[in-house]
Amino acid sequence: MDQLSLFDSQNEHSLSPAMAPLADRMRPRTLEDYIGQKHLLGEGKLLRKMLEQDQIPSMIFWGPPGVGKTTLAKIIANRTKSEFLNFSAVTSGIKEIKDIMKQAEENRAYGRRTLCFVDEIHRFNKAQQDAFLPYVEKGSITLIGATTENPSFEINAALLSRCKVFVLKELTEEDLTEMLSRALTDKRGFGNTAVHMEQALLSTIATFANGDARTALNTLEMAVLNGEIGSDGSITVKKETLEQCLGKKTFLYDKKGEEHYNLISALHKSMRNSDPDAAVYWLARMLEAGEDPLFIARRLIRFASEDIGLADNQALQIAVSAYQACHFNGMPECNLNLAQAVIYLSLAPRSNAVYRAYEAAKADAVTRLSEPVPLVIRNAPTQLMDDLHYGEGYVYAHDTEEKIARMTCLPEGLKDRQYYQPGTQGTEGIFKERLEKIREFRFPADTSLSPGQ
């Protein structure tokens with residue numbers, strides 16, 4: 001457990017500030033210095049108004065790593081003149097909680113406020129979380145818990161109901177670039193040294209950091225410390241230096257530019273062409289350049305339905321599982337999860353029948369919006385609807401021997417449409433055979449139906 005009095009603004013860096021990592025030296029101390037989270041801290045936003053009115057409830061900060069959860073808690077403690085008690089759920093237990101609560105009670109007796117910040121609060125078990133409840137209820141402490149996991153699943157309902165949840169978002173590349181520029185000129189950063197570095201390189205670091213301020217500042221520090229020192233004491237950071245620090249080729253890959261879309265297109269079309277070698281190569285190109293693995297995983301989910309569909313019933317499950325694995329593991333551990341999914345999808349049987357079925361149905365849906373729902377399949381919850389023949393003639397399919405009712409479920413004007421035309425690849429061949437029998441049973445006298453018409 002760390003205890004910090006924020007009444008002394010220099011206390012945080014009183015011991016060898018020059019030796020502290022850049023991310024610690026540049027930690028914002030006021031709201032004016034804080035970067036990001038405008039949806040919470042912008043003028044007129046809820047958390048900003050709470051701070052201005054000095055009415056701070058117990059809170060849960062939910063967001064990814066490196067977005068400023070701890071920093072924001074310290075700023076709140078400073079503004080509210082509260083004693084800041086910081087401990088981690090990873091290393092602290094019931095004893096530490098009781099010690100903190102005893103100290104908070106003493107502070108309260110002397111009219112002092114206590115802000116208790118719990119990092120990774122989701123790691124506490126139920127008993128540990130429950131230990132906070134009486135003190136939160138009495139107002140002995142203002143609890144701020146930080147978590148990267150969904151509070152609805154990881155925090156006890158009793159504690160969660162007494163806390164206001166604020167969702168902190170990933171920092172944008174613009175946020176990170178602003179922060180990096182400030183670090184080069186601020187005396188807490190490299191302001192006492194002339195550092196020459198192109199703006200494009202700062203943007204590259206911001207892209208590489210993927211929303212994480214700590215990663216961005218650590219990368220900048222490494223680049224500056226490995227820069228070329230001139231005769232006048234200035235430091236020049238060149239593209240080659242930064243490339244070595246990043247350990248990967250990020251410079252030809254702009255997540256918002258043409259290359260981004262070229263590579264994801266190459267991956268998709270390689271899988272569509274059943275070429276796992278090419279597909280894995282394009283996957284590696286994107287991941288090693290810093291692409292968000294969740295972006296790739298979302299495209300695999302789309303591919304599973306668009307290009308495989310019912311030809312392989314496992315394809316969509318594999319893709320969704322890969323997305324979940326990326327969420328749980330992150331990079332670099334999830335690279336093999338994605339590679340496994342890419343290879344599987346590349347070798348799976350092919351069918352775009354699901355895609356074609358939806359597109360054909362969509363074309364009718366957007367141009368024939370007034371087609372009425374057939375009376376036979378309408379619900380009749382009131383007597384009036386029953387009198388108007390809603391649901392009249394409806395046959396419960398499970399009551400029939402074939403488990404199929406001879407009813408037309410499409411609107412009258414579209415009754416002859418056949419949107420889904422299965423192929424013969426993989427398991428879709430089985431669906432094709434079954435669908436032909438179903439259509440023959442439902443429309444025994446009608447053999448002239450034309451696809452999509």
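Helices here (H or I, at least four residues) and strands (E, at least two) are DSSP runs, numbered from the N terminus. This is a predicted model, where local features need pLDDT of at least 70 and side-chain atom pairs count only at pLDDT 80 or more, while totals for chains, interfaces and linings use all residues. Residues are numbered from 1 along each chain as its sequence is written, and side-chain values use heavy atoms, with hydrogens and water left out.

**Largest pocket**

- A pocket is an open set of points on a 1 Å grid over the protein atoms alone, where a 1.4 Å probe fits, with protein on both sides within 12 Å along at least five of seven lines.
- The largest pocket holds about 1400 Å³, the volume being the space filled by probe spheres set on the points, which are joined across faces, edges and corners.
- Its lining (residues with an atom within 4 Å of a point) runs to 35 residues, with Pro 64, Pro 65, Glu 170, Leu 294 and Gly 330 nearest the centre.
- H17 puts in the largest share, five residues; other helices giving at least two include H11 (199-209) and H16 (293-308).
- By type, that lining splits into 16 nonpolar, 10 polar and nine charged residues (nonpolar: Ala, Val, Leu, Ile, Met, Phe, Trp, Tyr, Cys and Pro; charged: Asp, Glu, Lys and Arg; polar: the others, Gly among them).

**Second largest pocket**

- The second largest pocket has about 640 Å³ of space.
- Of its 31 lining residues, Gly 66, Val 67, Gly 68, Thr 71 and Arg 214 sit nearest the centre.
- Elements supplying two or more of these lining residues include strand S5 (142-147) and helix H4 (69-79), but H12 gives the most, with four.
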